[in-house]
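Biologist: Please take a close look at one part of this model for me, beginning with the charged side chains. I'd like the cut-offs spelled out as you go.

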Amino acid sequence: MRIIVASDNKSTRDAIAMLVRAQPDLDLAGEAGDIADLLAQIKATESPLVVLDWDALGRRIDTLMDLLQLFDEPPAIVALSVHDGARAAALSAGLSGFAHKGEPPDRLLSTIRESERQNRQTL
């Protein structure tokens, strides 16, 4: 499964990218620091899943979700946040999954895999 990691924080991107690279069933397709870069990465890589730093990019989620509708097969999006209250906002915005940044890495990996399975079923 091809994944794009999106955060304006390089340390966050690097940590998630390292986790993804360590998984034999996951492929890091790209990294994005802002919404414009994320859209370009999605178009270039046709990745089925984005791990999005909600704390950095979530405030523009309505715009992002509108723009993703321009793709024939929009990617599933898993949000990450340190704020527990962000879970409801992310899921109500139409994202396919949510993981808290304080949870063990295995929880994020489980959320990624489950979101990808759900996305495959809806296509």
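Modeller: Happy to! Searching the whole structure turns up nine salt bridges, each being a side-chain nitrogen of Lys or Arg within 4 Å of a carboxyl oxygen of Asp or Glu. Bear in mind that this is a predicted model, in which local features need pLDDT of at least 70 and side-chain atom pairs pLDDT 80 or more, while totals for chains, interfaces and linings use all residues. Numbering runs from 1 along each chain as its sequence is written, and side-chain values use heavy atoms, with hydrogens and water left out.

Let's begin inside helices. K10 pairs with D14, with 3.1 Å between the closest N and O atoms. Both residues belong to helix 1 (residues 10–21), four residues apart, or about one turn; helices here are DSSP runs of H or I with at least four residues, strands are runs of E with at least two, and both are numbered from the N terminus. K10 is exposed because its relative accessibility is 52%, whereas D14, at 32%, is partly exposed. The scale calls a residue buried under 20% relative accessible area, exposed over 50% and partly exposed in between, using a 1.4 Å probe on protein chains only.

The bridge I'd zoom in on joins K101 and D53 (2.9 Å, N to O). This one ties together distant parts of the chain, 48 residues apart: K101 sits in the loop between strand 5 (97–100) and helix 6 (105–122), and D53 in strand 3. K101 is partly exposed at 32%, but D53 has a relative accessibility of 3% and is therefore buried.

S81 counts as buried because its relative accessibility is 0%. Beyond its neighbours within four places in sequence, S81 is in contact (heavy atoms within 4.5 Å) with W54, D55, A86, F98, A99, H100 and K101. With D55 there is a side-chain to side-chain polar contact of 2.5 Å; the criterion is N or O atoms within 3.5 Å, one able to donate a hydrogen and the other to accept it within protein, with sequence-adjacent residues counting only if both atoms are side-chain atoms.

W54 carries us on to the largest nonpolar core: of its 23 residues, L38, V50, L52, W54, L64, I77 and L95 touch the most other members. Such a core is a set of buried Ala, Val, Leu, Ile, Met, Phe, Trp, Tyr and Cys residues joined through side-chain atoms within 4.5 Å. Elements that each supply at least two of its residues include strand 3, helix 3, helix 4 and strand 4. A second, separate core of 17 residues includes I3, A17, V78 and L80.

Finally, helix 4 (residues 61–68) has I61, L64, M65 and L68 as its buried residues. Their arc around the axis, taken from the directions to the C-beta atoms, is only 95°, so they share one side of helix 4. D62 and D66 are exposed on the other side. The buried residues pack against helix 2, strand 3, helix 3 and strand 4.
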